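I opened my notebook to look up two things.

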Amino acid sequence: AKNVGILAMEIYFPPTCIKQEVLEAHDGASKGKYTIGLGQDCMAFCSEVEDVISMSMTAVTSLLEKYNVDPKQIGRLEVGSETVLDKSKSIKTFLMPIFEKCGNTDIEGVDSSNACYGGTAALFNCVNWVESSSWDGRYGLVVCTDSAVYAEGPARPTGGAAAIAMLIGPNAPIAFESKLRSSHMAHVYDFYKPDLASEYPVVDGKLSQTCYLMALDACYKGFCQKFEKMEGKQFSVLDADYVVFHSPYNKLVQKSFSRMLFNDFLRNASSIDEAAKEKLAPFSSLSIEESYQSRDLEKASQQVAKPFYDAKVQPTTLIPKQVGNMYTASLYAAFASLIHNKSSDLAGKRVILFSYGSGLSATMFSLRFTEGEAPFSLSNIVSVMSVAEKLKSRHELEPEKFVELMKLMEHRYGGKDFITSKDCSLLAPGTYYLTEVDSKYRRFYAKK
Ligand code: ACO
């Protein structure tokens, strides 16, 4: 199979959201902390009738319908998620009824999980399958689904929720440059979920930021080495038309991209002109550890990066800024933003993606665009996703209502024997929602 990659995409996020400006005031944070300090505009969250299973059912059903894909044509289904509703039964199995009713139960794949990285693991599994000798000619389907919720405190505004479905196959408008992949994996306790009775993570915010940047450095270094070996020339950010990051909050994305330019400076790469060299020269003697702490370096490299950021990164930031951290779906929501913003301009372009999951696992990889043919064309992906319409039709809730919902769901997490309000008035037609968890913890859903 040639040009294996993403043929089609669909994104779903809850219609319920809260403005960061409003949350900031409610939390008593200083004005601008969430909007400028974190760089976030709005945060989506599941109400008590939605969860990672209902969101993924919505995304999968909608993708199959809107691209006219026969469920029998799916040979592999992989789910990436870090939201645990069951320690054994995979989310994938909850999606099987969609295929069972068409007589297709011959579908490989289960769930992948490691913080925000599970979606990338799922995606690689599908791409590798299509590229392998066990491929049976059918499509792969990847689903990234998460509800990111934090306990009250500084991490709470970095929540979010979404599900993204991606159809994988050959001759894709978004094809993998499979040889260009570099990973960094290590054992750290930056963000983890050891308390199985709680949906909330244990998080060392500062450490998670540094781990993210260290993983970025390692992946970028390896990526450049592989590129140079393959192409016989040095890589710099100029060789990437766009760079897409896992996006817990926008400020970290800004810092990450600047960090790539600092790496270019250290390797004396082509993106760094004389003026930039002069700005960054004072920092060339910093130890790596010092470089993660230096405010002055952060400022200088952000200045150097600014024009590149505006061209190569800014178009990827829309959905993550509006929806928040979607964990496994975050990177792909940033990617969806790029397609939404630049669809007609993408053919022939290369995009570099950086996936990070705490704990930690990280990979940098490369994709190439072509326009593709309907229904699997970039322009059709844009119209199916209808990002602008979905963002516009949301409902902003008051902070008191948000806090109340968080409390209710905290209480229900891991619980049984309850019926939800079944109130789907805010949901769009076609959306799945949770109706009941019975005395044996079995979950029931309905479709609006
Ligand atoms: N106006 C403008 N900026 C402000 C204001 C203000 N009024 N107040 C604070 N800021 C800035 C700060 O200077 C800081 O900027 P900096 O990062 O450039 O220094 C930023 O806002 C955040 O403020 P802090 O005081 O550093 O934030 P805090 O410690 O309260 O929490 C954190 C931020 C650590 C990101 C927290 O939200 C968190 O733990 N989130 C979850 C972990 C996370 O997302 N990690 C990322 C990678 S791992 C993953 O994806 C889960």
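I began with a definition: a residue is near a molecule if one of its heavy atoms lies within 4 Å of it. I also noted that this is a predicted model.

**Entry: around the ligand**

I looked up the residues around the ligand and found 28. Lys 31, Lys 33, Ser 208, Lys 255 and Arg 295 come nearest. I then sorted the shell by class: eleven residues are nonpolar, ten are polar and seven are charged.

**Entry: polar atoms at the ligand**

I checked Ser 208 again. One of its polar side-chain atoms lies 2.8 Å from a nitrogen atom of the ligand. For Lys 251, I found an N or O atom of the side chain 3.0 Å from a ligand oxygen. Pro 154 uses its backbone: a polar atom there is 2.9 Å from an oxygen atom of the ligand. I looked up the area next. The ligand taken alone exposes 1000 Å², and the protein buries 79% of that.

**Entry: the pocket**

The ligand takes up the space of the second largest pocket. Which elements give two or more residues to the shell? I listed α2 (33-37), α6 (205-231), α7 (250-266) and α10 (295-312). Of these, α6 gives the most, with four residues.

**Entry: the sheet**

I traced an open sheet of nine strands with mixed pairing. Its order is β5-β4-β6-β7-β1-β8-β13-β12-β11. β5 (111-112) and β11 (242-245) each have a single partner strand, so one side of each is left without a neighbour in the sheet. Tyr 12 stands opposite Ala 163 in β7.

Notes
Residues are numbered from 1 along each chain as its sequence is written. This is a predicted model: local features need pLDDT of at least 70, side-chain atom pairs count only at pLDDT 80 or more; totals for chains, interfaces and linings use all residues. Side-chain values use heavy atoms; hydrogens and water are left out. A polar contact is a pair of N or O atoms within 3.5 Å; within protein, one must be able to donate a hydrogen and the other to accept it, and residues adjacent in sequence count only if both atoms are side-chain atoms. Accessible areas come from the Shrake-Rupley method with a 1.4 Å probe; for residues, only the protein chains shown count as cover. On a 1 Å grid over the protein atoms alone, a cavity is a set of points where a 1.4 Å probe fits but cannot get out, and a pocket is an open set with protein on both sides within 12 Å along at least five of seven lines; lining residues have an atom within 4 Å of a point. A molecule sits in a cavity or pocket if more than half of its atoms lie within 2 Å of its grid points. Ala, Val, Leu, Ile, Met, Phe, Trp, Tyr, Cys and Pro count as nonpolar, Asp, Glu, Lys and Arg as charged, and the others, Gly among them, as polar. Two strands pair if DSSP finds at least two bridges between them.
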